[in-house]
Amino acid sequence: IIIKNFDVDVKKFIILNLLLAKKIYFSNRMNCYLHNFICKINSEELSEELESGGFHTDFLFQNNIPDFISLNCINKDPKYPYLGRNYIIDVNKIFKILVTNFNLTEDYLFNISFPYTFGDKTIWIRPFKKIDNKLEMTIHLKIIDKLKLTKEHLINGIFLNDIINHISLSEGENLVLDSGDVIIMSNKFLLHKRGECSIDL
């Protein structure tokens with residue numbers, strides 16, 4: 001859902017989410033319900049980087065992840081509408097193309113895992129799963145530990161995560177938010193990413 005010209009008032013944005021959601025998600029990692037970010041030349045946070053992000057779902061390392069993500073654009077990109085674009089792709093479309101175009105079995109897709117390494121600890125996460133007969137995805141393409149990928153991840157000489165990325169770029173949609181715009185999107189049935197950004201020097 002895209003709401004054009006909603007507002008830049010944070011209180012109104014919170015009220016909007018309270019009206020739409022049964023419960024607002026609390027991030028233990030960030031210790032907040034609402035995260036404000038600004039793109040920077042140097043950043044340790046993925047959300048604040050200027051370069052293009054990877055297709056992902058938010059909070060993939062948590063036991064419970066939010067059903068939806070809502071974003072309120074406070075200031076549009078200085079190079080609007082060309083930079084600061086948002087990309088989205090339906091996970092069903094990704095799954096279908098992997099099965100029909102790449103001849104991958106559902107069994108393979110539901111059992112394959114991707115590695116994510118933090119320090120000396122590696123977490124393996126299956127990207128695809130079915131909950132109540134609905135296909136969901138949990139992934140972050142940018143932070144997959146590519147050094148720990150195996151032959152199992154190779155499809156005709158190309159790593160599965162690279163194939164997913166190119167399907168998402170080819171088959172997904174992209175849009176750009178102006179100041180005051182709001183986008184509300186599924187965090188389970190869609191992947192999303194933000195494109196390259198600029199800043200006002």
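Modeller: Start with burial: a residue is buried under 20% relative accessible area, exposed over 50%, and partly exposed in between (1.4 Å probe, protein chains only). E48, at 10% relative accessibility, therefore counts as buried. This is a predicted model: local features need pLDDT of at least 70, side-chain atom pairs count only at pLDDT 80 or more, and totals for chains, interfaces and linings use all residues. Residues are numbered from 1 along each chain as its sequence is written, and side-chain values use heavy atoms, with hydrogens and water left out.

Colleague: Which residues of helix α1 are buried?

Modeller: The general idea comes first. An α-helix has 3.6 residues a turn, so residues three or four places apart point the same way. Helices (H or I, at least four residues) and strands (E, at least two) are DSSP runs, numbered from the N terminus. In α1, residues 10-20, the buried ones are F13, L16 and N17. They fall within an arc of 95° seen down the axis, so they line one face of the helix. The arc is taken from the directions from the helix axis to the C-beta atoms. K11, L18 and L19 are exposed on the other side of α1.

Colleague: What covers the buried residues of α1?

Modeller: The cover includes β1 (2-3), β2 (68-72) and β11 (182-186). Contact here means heavy atoms within 4.5 Å.

Colleague: How do I read a nonpolar core?

Modeller: In soluble globular proteins, nonpolar side chains tend to be buried together. A nonpolar core is a set of buried Ala, Val, Leu, Ile, Met, Phe, Trp, Tyr and Cys residues joined through side-chain atoms within 4.5 Å. The largest one has 29 residues; I94, L98, F128, I139, L160, I164 and L191 touch the most other members. Helix α2 gives the most to this core, with five residues. A second, separate core of seven residues includes I88, L175, I183 and L190.

Colleague: How many salt bridges does the structure hold?

Modeller: Side chains of opposite charge can pair when their charged atoms come close. A salt bridge puts a side-chain nitrogen of Lys or Arg within 4 Å of a carboxyl oxygen of Asp or Glu. The structure holds eight. In one, D181 pairs with K4, the closest N and O atoms being 2.6 Å apart. D181 lies in the loop between β10 (173-176) and β11, and K4 in the loop between β1 and α1, so the pair ties together parts 177 residues apart in sequence.

Colleague: Is D181 buried or exposed?

Modeller: D181 counts as buried, at 0% relative accessibility. K4 is partly exposed, at 45%.
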